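Hi,

Here is the structure I promised to pass on to you. Please have a look at it first, and my notes follow below.

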Amino acid sequence: METRFPLENGHLLCTQMGERVRLYMEVRTTATGLCRGLLLGENGDLDLGPMLPEGGCLRLERSFLVETLKKKGCWPITGARLVRPVKPAAGTPPKGWSRDLGLGALFPHDPALAQAAELAPRPLYRPRPQGFQLAWPWDPEAPFPLPPVFCFARVQALGDRPYLVFQFQTGGIPRIEE
């Protein structure tokens, strides 16, 4: 049995084969960043995971036991939707980090990096022995901070949010985390 659920700019195709259900979701969108599929049921919903860009669309394909969908409250299936990334909210900086700094002055020997730092949203700052760290909330929809040194970024949880953390030596020289 096959059922098609319309979505804004796409569809969810559900094919039941015995005790398994194959789900195929396709959405044409201009959304940037990591988008996820959400399966909707009469008594709950189920995160289907990330959708992959392919052929001008975002797509995903999953297979579940009907019993699993029942346990999640998603049987019978009532539809699906695309979930776009949520931008992290600003809050109190994690312990040891602050927001009070003049970014351009941190990079006296690299004008391109100083300019990129001034154009990026305000980061968190933490002094370290022989240098400092900068951290920006990781937002897959936002422009990447500090493009000249993108390869030095590390995604790290600070508090309950992921951040892009950069390490620098005194004078603003990028360095790789030990």
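Of the 178 residues in the protein, 40% count as buried, where buried means under 20% relative accessible area, exposed over 50% and partly exposed in between (1.4 Å probe, protein chains only). Please keep in mind that this is a predicted model, in which local features need pLDDT of at least 70, side-chain atom pairs count only at pLDDT 80 or more, and totals for chains, interfaces and linings use all residues. Residues are numbered from 1 along each chain as its sequence is written, and side-chain values use heavy atoms, with hydrogens and water left out.

The protein has two helices and 13 strands; these are DSSP runs numbered from the N terminus, with helices being H or I of at least four residues and strands E of at least two. Its radius of gyration is 22 Å, well over the 16 Å that the globule rule gives for 178 residues, so the protein is more spread out than a compact globule. That radius is taken over C-alpha atoms, and the rule is 2.2 Å times the number of residues to the power 0.38. Along the principal axes, the C-alpha atoms fill a box of roughly 65 × 35 × 25 Å.

Now to the cores. A nonpolar core here is a set of buried Ala, Val, Leu, Ile, Met, Phe, Trp, Tyr and Cys residues joined through side-chain atoms within 4.5 Å. The largest one has 22 residues, and Leu12, Leu23, Met25, Leu39, Leu48, Leu69 and Ile77 have the most contacts inside it. Among the elements that give two or more residues to this core are β2 (10-17), β5 (45-50) and α1 (66-71), while β3 gives the most, with four residues. A second, separate core of 17 residues includes Ala114, Ala116, Leu134 and Phe168.

A few backbone details are worth a look. Most residues other than glycine have a negative phi, and most peptide bonds are trans. The peptide bond from Trp75 to Pro76, however, is cis, with omega near 5 degrees, and Pro76 sits in the loop between α1 and β8. Gln130, in the loop between β9 (124-128) and β10 (131-137), has a positive phi of about 65 degrees and counts as exposed at 64% relative accessibility. Leu146 also has a positive phi, about 55 degrees, and belongs to the loop between β10 and β11 (154-158). Leu146 is buried, with a relative accessible area of 0%.

Best wishes
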